[in-house]
Amino acid sequence: MGDIDLDVLKEELLQCRRCGLCRNAVYEAKGFDGVCPVWKNTNGFETGFMRGKIMVALALLDGILEKTQENAEALYTCTLCGNCTQICPAAFKPSKAIEQVRDVLNEIPNEVRDSIAEKIDAHDNPYLDGKSRKRDWTEALSFSVPTIADTLYFAGCTAGMKLPEVATDSARVLNAAGVVFAVMEEEPCCGSVMLRTGKRENARANAQRVVDAIVKTGAKRVVVSCAGCLRTLKDDYAQFGLKLPEVVHIVEFAADLIKDGRLKPKRVQTPMKVTYHDPCHLGREMGVYDSPREVLKSIPDIELVEMETNRATAMCCGAGGGLKSYSPEAAKRIAADRIRSAEKIGASYIVTSCPFCELNLEAGSSAIASRVDVVDVVNLLAQSLQ
Amino acid sequence: MCTLDAGVVRQLARIVGDENISTRKDVLLTYSASASTGYDSSMPEAVVRPATTEEVSKILKIANKHRIIVTPRSGGSSLQGEVIPRSGGLVVELMRMNQISLYQDLRSVTVGAGVTFGMLDKFLNPFDLWVPVYPESSLVCTVAGNVAVNGAGPGSSAYGCIAEMVLGVEVVLPTGEVIQTGTEANPKAPGPFLRYAFGPDMTGLFIGSLGSLGVITKVSLKTFKRIRNFDYNTYGFETAEQAEQFLLKLRENDVHTLFASIYEGRILQFFMDMLGEEYGIPKHDWPPFTVSATIGRVRQDQLASDAKLAREICEALGGHVIDIAELPVGEWDDRMRTFARSSYAHGWHWRILYHHQTPTNWHKSVEEIWAVMDKYRLLGHTAGFLTDHASYNFYPHLYFDPADKPEEERVRAAHEELSQRLFQTGAVPFKLAPYWVNGVPEMETYLALVARMKKTLDPNGIMNPGVLGGI
Amino acid sequence: MTDDLLTLMRERIAVGLTRQKTMEAIQGWERTAELSLKDGRKYTFEVANNTITVNDGAAPNAQMRIESDEDTIRKLFLEQMNAASALLTRKLKVKGSASDLMKIRHIF
């Protein structure tokens, strides 16, 4: 990931001819039922979706709009979900372009963005000041976890601090397959949110620290539970020119372990009707759609039904791109919308493979008092292995 | 005209709610332009997003009272500057009006002004119905907006422009009255089933009016049983005349051609080099003129008969059946996106000059477009499709690099000259932009009539002034 | 490097001139095109007398202007990429009339 060339970025932004497909395209044959979750769930002005955001970006870059927080609001009211990039008929990546604009224009004040970056720089997590205690979840396990092994389980900040059951269940799954794995004493933050919110320089410095820490463990394989960690460690770090051992998501790994017979899921309970929500970082960005579904289908008595939008055209949960911090209300409304999609097909559970999605979907489900429960793939898998 | 001051903004906010009106600079900027590249943008003073016809009516009454210029807008996908607001004016954006009501026994459907063709298509599909005209911007443009410009697209080769599908409209006049045309002018009617009710074709008055005679808040359309049997083929010809006659004969002989286009060999070759692989179109040495055609019928026996006849007509004219189906398959199956793709896959911005030409004059339009492109040293294309009874809807593009201002200026000049040249060939504008009729004495009486109607309906001249032939 | 690219272009033009489609395209055609590379180098193509010549240097009165980079030009001349793909990916920018662009694709 070299420095952003402003001329190239502007040329990219000018690829937007303002056709508007990125707003709310309903293209049944291709699986689109709407595109922009922000436009759909906020006040619906043009600034709510990518066409307007690119106009704002160009105006800020060209000095037509003054570089103020209010004028930059549209740039940050976006999850960078990439659904617009999927349908855009032009030859550029709109969501990537906006991510870069955030970085180029990061002199525009943004307290939320800056405080998250400060926390990560100082405390290796975006949530709390002070020691992150990201290893505390291992105390709930019935087995001990070393700090050095060929396989490193990188729990991530959200699983490690907010949804420890994702971390504990991931660990149980690995243990059940006989995989010896380590967890770092002091796990750093992958820095995904810094990249998405325009703090590339901070992200680059953080990335070097992360790589050094991982390499120090001697691990030959890194397993993650978070879609954001996967994309960042595997894709973004490579663009920084940083080398890591193999990075794989727990659902990919588990799917292979099931195929190899090292994991044998049993019945969980009475039959469950579940739907799978594709996290943007795992699906659209990294192309992982089948593994989580294979895992779910391997668990007896789980009926998997698909929401109207799924796989490459899945509507975003609303958490990503910094939106959950920047505009928690918008993030919650988007999540509630996604929960309604699950309700519509009669699913009792919405299952996903990203703790950050889960956190936000839970908030959305509560907001509308939905009966749809939010769980991780590893929660169900771990249950089926007991 | 008056400025939209804070007092008026407060009145509008009381109608739609604070969250549905904005005077923020960043928001206004995003309404200062549309999909029309190569047009100057212009900042409105406010944008308002009503949810109901009643709200639109209240808004227009206020605008009319204070003489505030109004630009109605829905999808924002129009390409000839139709929804670029006036400085200091009010944009009324209609995307919240997204209701759909189906009248199966009346074979009709009514949609709110915020319903796109993609939304409507999905709604009708489970009923085995469709409205068989798909603008090339179907995923963005609304039915109401398309009716305001009288659009066309795939499907039009058999069914005509969108106008042919319209049974009635609900319109809010510039003075705020709500008018229903067609059968629904009778409040006791079961719904929309006939356009020509209660005297002259009032529905037609608003079709193609470009938002200058009122705000269309609902459109009622005919629905048809969805066609699911298709024949796709390409037909090669050595002369333009053969290709033109082929289109005419398809229509004359009732070959139900949903979409047919004539491509010049060199342009087709160029686009195939760019996008052929993406659409799985085999490499081919395309003849001087290719007709790409999709035939569709409700019944398989009808389709077989039509497909056979099309081949016979082609060969009788001296052409040959190419039998490459992938080109029309891509045009038809991906009709809601493919034209956007081929218009935006390359990096050029462009101005479009929609016009209708009769098929046997197809070559005249092509000659003029090439002449203008060569005179002004511009790139572009000569695309179009068969439409309606005996028309061909051209949508040529004149390309420019957005970073090259002199080139953009040449495109604007070329655009205007092209419209004048095309007028001389007997072509007619798809949308009545001013440059088509500037300084054309033969049009004066016609335009005077349009001006009188405009004055009657919009006495204070608030509705998108100037968009309709400069009136 | 300059001589390398110029030599390549001349060699490939010589090959092209043996092809019927190329000869048909340039038959009776007179044009000057200026190629500008991102690194600042310029070349002038002259089509006249049913042949094509290329020399280094600018052509201020060129009727066609082409902008690209060395890698793309090499690929075009070696037929590893066609002009339309290069245009699509914005590796090639062409300013000139549409008729000229149509002819160019027979030359690249």
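In chain C of this predicted model, 58% of the contacts between residues at least 6 apart in sequence join residues at least 24 apart. In chain A, 76% of the contacts between residues at least 6 apart in sequence join residues at least 24 apart.

**Chain C: fold and dimensions**

- Chain C contains five helices and five strands.
- Read from the N terminus, the order of elements in chain C is α-α-β-β-β-β-α-α-β-α.
- Chain C has a radius of gyration of 13 Å, close to the 13 Å that the globule rule gives for 108 residues, so chain C is as compact as a globular protein of that length.
- The C-alpha trace of chain C spans about 35 × 25 × 25 Å along its principal axes.
- Of the 108 residues in chain C, 30% are buried.

**Chain A: fold, dimensions and domains**

- Chain A has 19 helices and 10 strands.
- The radius of gyration of chain A, 20 Å, is close to the 21 Å that the globule rule gives for 386 residues, so chain A is as compact as a globular protein of that length.
- Buried residues account for 58% of the 386 residues of chain A.

**Contact between chains A and B**

- Chain A contributes 29 residues to its contact with chain B, and chain B contributes 39 residues.
- On the side of chain A that touches chain B, β1 (26-27), α3 (50-61) and α4 (69-76) of chain A each supply at least two residues.
- That side of chain A is made up of 15 nonpolar, seven polar and seven charged residues.

**Contact between chains C and B**

- Chain C and chain B each bring 16 residues to their contact.
- The elements of chain C that each supply at least two residues to the side touching chain B are α4 (83-88), β5 (93-95) and α5 (98-107).
- Helix α5(C) provides the largest share of that side, five residues.
- By class, the side of chain C that touches chain B has seven nonpolar, five polar and four charged residues.

**Chain B: domains**

- Chain B is assigned four parts: domain 1 (6-93), domain 2 (100-225), domain 3 (229-341) and domain 4 (347-429).
- The C-alpha centres of domain 1 and domain 4 of chain B are separated by 31 Å.
- In the contact between these two domains of chain B, four residues of domain 1 meet nine residues of domain 4.
- The domain 1 side of this contact in chain B consists of one nonpolar and three polar residues, with no charged residues.

**Chain B: an open sheet**

- In chain B, four strands make an open sheet with antiparallel pairing, in the order β18-β19-β17-β21.
- Strands β18 (384-387) and β21 (428-429) of chain B are the edges of this sheet, and each pairs on one side only.
- Strand β18(B) runs antiparallel to β19 (residues 391-394) of chain B, and four bridges join them.
- Across this pair, T387(B) is opposite S391(B), a residue of β19(B).

**Chain B: the surroundings of I62(B)**

- I62(B) lies in helix α3 (residues 53-65) of chain B.
- I62(B) counts as buried because it has 20 C-beta neighbours inside 10 Å, and 20 or more is the cut-off for that class.
- Leaving aside residues up to four places away in sequence, I62(B) touches V8(B), Q11(B) and L12(B).
- One of these, Q11(B), is 51 residues from I62(B) in sequence, yet the C-alpha to C-alpha distance between Q11(B) and I62(B) is 8.1 Å.

Technical notes
Residues numbered from 1 in each chain as written. Chains lettered and ligands numbered in written order. Predicted model: local features only at pLDDT ≥ 70, side-chain atom pairs only at ≥ 80, totals over all residues. Contact = placed C-beta atoms within 7 Å. Nonpolar A, V, L, I, M, F, W, Y, C, P; charged D, E, K, R; others polar. Pairing = 2+ DSSP bridges. Domains from an automatic or database assignment. Rg over C-alpha atoms; globule rule 2.2 N^0.38 Å. Buried ≥ 20, exposed ≤ 12 C-beta atoms within 10 Å, placed from the backbone.
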